[in-house]
Amino acid sequence: MVEKVILAAPRGFCAGVVRAIDIVKIALEIYPKPVYVRKEIVHNRHVVEELRGKGAVFVDELEDVPEGKTVIFSAHGVSPQVKEHARQRRLKVIDATCPLVTKVHLEAARYASRGYTIVLIGHHGHDEVVGTMGVARESMVLVTCVEDVETLEISDPRRVAYLTQTTLSLEDTRDIIRALRAKYPAIQGPPSEDICYATQNRQLAVHELARRAQLILVVGSQNSSNSNRLVEEAMKAGARSHLIDDVDCIEEAWLEGIGRLGVTSGASAPDILVEQVVDHFRRRGAEVEELVTRRESVQFALPDNLLVDLTPLASDTGTPA
């Protein structure tokens, strides 16, 4: 029987996800419907379904957006080719790319302009990786593990740099970077690690949670990279762990012999889903304790063109912009 639920903090939405969701909600209020969103705005089924219910139309490609309509780019970022395609189709673009992903794009463009080969550490097919690779496709190679580094061949080892997908495991990334530095001593990297603050904070919290809990439930969707990394980090730290979409995914067999249960959530998971999990165990008599390892106060500004369109409406209603 679960006697105690230990709730990790920080958990759930990061500043980039909050910004992206706010962008869609504001766009639905101020622009003619339908408002289109290219790809999932964030990787969470519940978030996507909620926004779809409010009128957002999610599409995989820009060909599915009628010319001249409003389209929002997801938090994971897009390639310059996608941006140019949107311009050619005369689409009104609102870019919800996380500013930390934009930072990686700018670094990629800078290294490419200086003639460097860029090694991107990331996962094949992830939306963020696809967008980043498009920034400097001719200059960039993708590695996913240390073994990829061993087979890597770069024409000029004096001009090589690395960048990382923002939602990876700190430990796995360090191993790959260590292997790259050993093979290419002259390799350059970004001024600071590109793994975002929220990913780091949630992974560190999971490590601390694993010291106290026998089992950790991570709330997040199956296609959420950062949520999957939390499961991996929990298991590396010695705690059993499962990724769940919501409370209905919990299996009773997991709980056999579990007295102390840890609960956290990925950076794209709504806190209401965590609350439902906690309430489930509270109703069964469990005590709930919060484990705070970091305090977060990061906020990101809305896109300039959205603010420009929003300001007159705010003035008309007397609401501060």
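Start by selecting helix H4 (residues 99–113) and helix H5 (residues 127–135): their axes come within 8 Å and cross at roughly 30°. Helices here are DSSP runs of H or I with at least four residues, strands are runs of E with at least two, and both are numbered from the N terminus. The axes are lines fitted to C-alpha atoms, for helices over the stretch in contact, and the angles run from 0 to 180 degrees between N-to-C directions. Angles under 35 degrees count as roughly parallel, over 145 as roughly antiparallel, 65 to 115 as roughly perpendicular and the rest as oblique, so H4 and H5 are roughly parallel to each other.

Before going on, a word on what you are looking at. This is a predicted model, where local features need pLDDT of at least 70, side-chain atom pairs count only at pLDDT 80 or more, and totals for chains, interfaces and linings use all residues. Residues are numbered from 1 along each chain as its sequence is written, and side-chain values use heavy atoms, with hydrogens and water left out.

**Between H4 and H5**

Now show the side chains where the two helices meet. On the H4 side, pick Val-101, Val-104, His-105, Ala-108 and Ala-109; on the H5 side, pick Glu-128, Gly-131, Thr-132 and Val-135. Contact means heavy atoms within 4.5 Å.

Stay on H5 and colour Glu-128, Val-129, Gly-131, Thr-132, Met-133 and Gly-134, which are buried. Buried means under 20% relative accessible area, exposed over 50%, and partly exposed in between, with a 1.4 Å probe and protein chains only.

Back in H4, click on Glu-107. Is Glu-107 buried or exposed? With 6% relative accessibility, Glu-107 counts as buried. Leaving aside residues up to four places away in sequence, Glu-107 touches Leu-163, Pro-190, Pro-191 and Asp-194.

**Into the core**

Next, select Val-24, Ile-41 and Ile-72, the ones that touch the most other members of the largest nonpolar core, a set of 28 residues. Such a core is a set of buried Ala, Val, Leu, Ile, Met, Phe, Trp, Tyr and Cys residues joined through side-chain atoms within 4.5 Å. Helix H1 (15–30), strand S2 (35–38), helix H2 (45–53) and strand S3 (56–59) each give two or more residues to this core, and H1 gives the most, with nine.

Zoom in on Ile-72: among the residues it touches are Ile-23, Val-24, Ala-27, Val-35 and Ile-94. Apart from this core lies another one of 21 residues, including Ile-244, Val-247, Leu-261 and Val-278.

Now put H1 and H2 side by side: their axes come within 11 Å and cross at roughly 10°. Here Ile-21, Val-24, Lys-25 and Leu-28 of H1 meet Val-47, Glu-50 and Leu-51 of H2.

Finish in the loops. Most residues other than glycine have a negative phi, and most peptide bonds are trans.

- Select Ala-9 and Pro-10: the peptide bond joining them is cis, with omega near 10°. Pro-10 sits in the loop between strand S1 (4–9) and H1.
- Go to Lys-33 and Pro-34 for another cis bond, with omega near 5°. Pro-34 is in the loop between H1 and S2.
- Lys-39 has a positive phi of about 70° without being a glycine, and its loop runs between S2 and H2.
- Arg-90 has a positive phi near 55°, in the loop between H3 and strand S5 (92–95). Arg-90 is exposed, with a relative accessible area of 54%.
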